[in-house]
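Open the model in your viewer and keep the selection tool at hand. The stops below say what to select next and what is there.

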Amino acid sequence: MKDVVIIGGGLAGLSAAWRLKHHDILLLESTNRVGGRVMSERRGSYWLNWGGHVYAGTGSATDELFKSVGISSMPVPGKLTAMSLNGKLLTSGPVETYPFRVNMSWKDRFALIRAGAKVRASVLRYGKIAKQKSLEDKSVQQQRILDFMNHKTFTDFTGHLPLDADAIFRPTVSRSTGDPEQISAGAGVGYFHMIWNKDEGLSRNIMGGPSTLTDTIACSLGDDVLLNTDVQEVIQDHDSVTVKYVQDGQEHEVQTRYAVLATPAPITRKIAKNISPEVGAALDQIKYGPHVSAAFLTNETGKQVWDDIYSFATPKKSFDVLIHSSNIVHSLSKNRTKGSTFMTFSPAGRGQKLLDKTDEEIIDIYLNDLNEMFPGFSDKVVEAHVQKFPLGSAYIFPGRAKIQPILTKPDNRLYLAGDYLGTLYTETAIQTGFNAAQDINSLLSYSYQ
C-alpha cells in the first residue's frame, strides 16, 4: 500500500509531491508531460512560454518551494502598464493620462475617468484587505480577499461603459479567463492592484522559464511520477483509498492511505466517486473559462520599442495581453542580444472565439494584430506555436466566497489542491499543495508511531 497517491502533475500536485517525497508516493499525470498550465521551452538564453509566467516573492509558499528545489527567480523587469489602442502605442507616462492620449470620444473619456476613479479607490481598499496580518493563517487572509466585493460582478460595479472605455478595462479584468460580466467586482479590482503594484503579489520570473521548476521537481521524483495515466476512479473507505487508472491500454489499481486530488474541479468531481455530497456540490459550482496562447521567437537585431516593457494591454485585439517573455534576459544584458520571445494571451470570450480555429489560422490572426502594434513584426518571426486550454483557469464569480470553507477542508482521506481554491493562481496552487502535504505528513508520522 502506498502512503500517498497524488492525481495531477500540475504545479499543485508537484508541490504536494515535493513535500511528501520522503514517503512512499505515486504521482499520476494524464498527459505526456508535467506542469499543466505551467508550460515553457528553452531557446538558447530565451524561452517560449504559454502559461503561468509570474510568481510570488519573499515570504510566500512559492519562495519556499523555489529555495528548497534550487530555482532562481528575479523581479519582473520593465513596465507592466503599456497599452495599444486605436492605433496608438502607449509605453510611458501615468495610466491616468491614457484617455487623453488615444483617439476616443469625449463620452468614452468621461466614462473611463469616472470608472477609473472608482477602481482606483477600490484598489486602495483591496490593498488593505489583502495585506496579511501578523501571525495570521493564510486561509484567513484568503477568505477575506474572496469576501471583498463578492456580491456583484465587475460590470455591475463600474456600470455600463461605452465601447472604448469598456475595452480598456477588459484586458486586465479578463486575465482570470472570466469576462467582466462574469467575475466578481473584488476579483477585477484585485487584478488592477496587481498591475499597479508590481512589487506585490505575483511579481517574479523564473530564470530559464517556468517549466524549469516543474521539470526539476519531476526529475527529482523519478519513478514516482507516471505519465499518460488516465485515472478512472478514486474511492475511499474507512482506512484506505483505491485509485484505478489506465496506462498504455492496461487497467491498474493501487491502494493508498491518502490521496491528493490536484486536478481541475470538474475532473475531481468526476473521478472522486464517493466524495461527500457537500464537497461535491461545492466543486460543481466552480467556473472555468478557456484560454488560447501563442509563443513567438524573433530574430531582430538592435533596440526595439518593446525592450523595456514586460506587458502590453491590447484592447480590441485578438489577445488581451502581450507578454515580452525575454525582457528579463534583455534587462540583464549590457549589449542588446539578438531576438526576443513573446506570449499572446487570449482568455475568456477572446479565447472561446479561437478554440475551433486551426493553429495556422490563430497565428495569422495574432500576427495581423502584432503587425499593427509593431509594423513589420511578422518579418522578424522565426517560430510561432499555439496552445489551447479549453479548461483554463477558474475565475472568482459573485458568491464564490461562500463555498471556500467547504473546499479547503479534507474529506476524510481525500485532499483537494489546485489554483481554483484561491485567488493567486500559481501561489494558490503551491500553497494548497503544501497544505495537503503538511496535513498528510502529520497523519503519517502519527500512524508510524
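Two strands count as paired if DSSP finds at least two bridges between them. The model on screen is predicted.

Select residues 55-56, which are strand β5, and then residues 202-206, which are strand β9. β5 and β9 are joined by two bridges and run in the antiparallel sense. Two residue pairs can be picked out here. Tyr55 has Arg204 of β9 as its bridge partner, and Ala56 has Leu202 of β9.

Pick Ser73 and look across to Ile206, its bridge partner in β9.

With the three strands selected, read the order across the sheet: β5-β9-β6, an open sheet with antiparallel pairing.

Is β9 largely enclosed or largely open? Four of its five residues are buried, so β9 is largely enclosed by the rest of the structure.

**Stop two: two packed helices**

Strands of a sheet pair through backbone hydrogen bonds. Packed helices are described in another way: by the angle between their axes and the distance between the axes.

Select residues 11-19 for helix α1 and residues 61-69 for helix α2. Their axes lie 12 Å apart, and the packing angle is about 55 degrees. That angle makes α1 oblique to α2. The crossing of α1 past α2 is left-handed.

Which residues make the contact? On the α1 side, show Ser15, Trp18 and Arg19; on the α2 side, show Glu64, Leu65, Ser68 and Val69. By type, the residues of this contact are three nonpolar, two polar and two charged.

**Stop three: Ser15**

Keep Ser15 of helix α1 selected. Is Ser15 buried or exposed? Its relative accessibility is 0%, and the cut-off for buried is under 20%, so Ser15 counts as buried. Leaving aside residues up to four places away in sequence, Ser15 touches Leu65, Ile430, Gly433 and Phe434. To relate Ser15 to another part of the chain, select Met207 as well: the two are 192 residues apart along the chain, and their C-alpha atoms are separated by 19 Å.

Select residues 82-85, strand β7, and residues 88-90, strand β8. β7 and β8 run antiparallel and are joined by three bridges. Within this pair, Ser84 stands opposite Leu89 of β8.

β7 and β8 belong to an open sheet of seven strands, ordered β8-β7-β16-β17-β18-β15-β19, with mixed pairing. At its edges are β8 and β19, the latter at residues 381-389, and each of these pairs on one side only.

**Stop five: Gly349**

Finish at residues 348-354, helix α12, and pick Gly349 within the helix. Gly349 has a relative accessibility of 25% and therefore counts as partly exposed. Gly349 and Asn205 are 144 residues apart in sequence, and from C-alpha to C-alpha they are 27 Å apart in space.

Definitions and conventions. Residues numbered from 1 in each chain as written. Predicted model: local features only at pLDDT ≥ 70, side-chain atom pairs only at ≥ 80, totals over all residues. Heavy atoms only, no water. Axes fitted to C-alpha atoms, helices over the stretch in contact; angles between N-to-C directions. Parallel < 35°, antiparallel > 145°, perpendicular 65-115°, else oblique. Left-handed = near helix turned anticlockwise from the far one by under 90°. Contact = heavy atoms within 4.5 Å. Nonpolar A, V, L, I, M, F, W, Y, C, P; charged D, E, K, R; others polar. Buried < 20%, exposed > 50% of the residue type's maximum accessible area, 1.4 Å probe, protein only.
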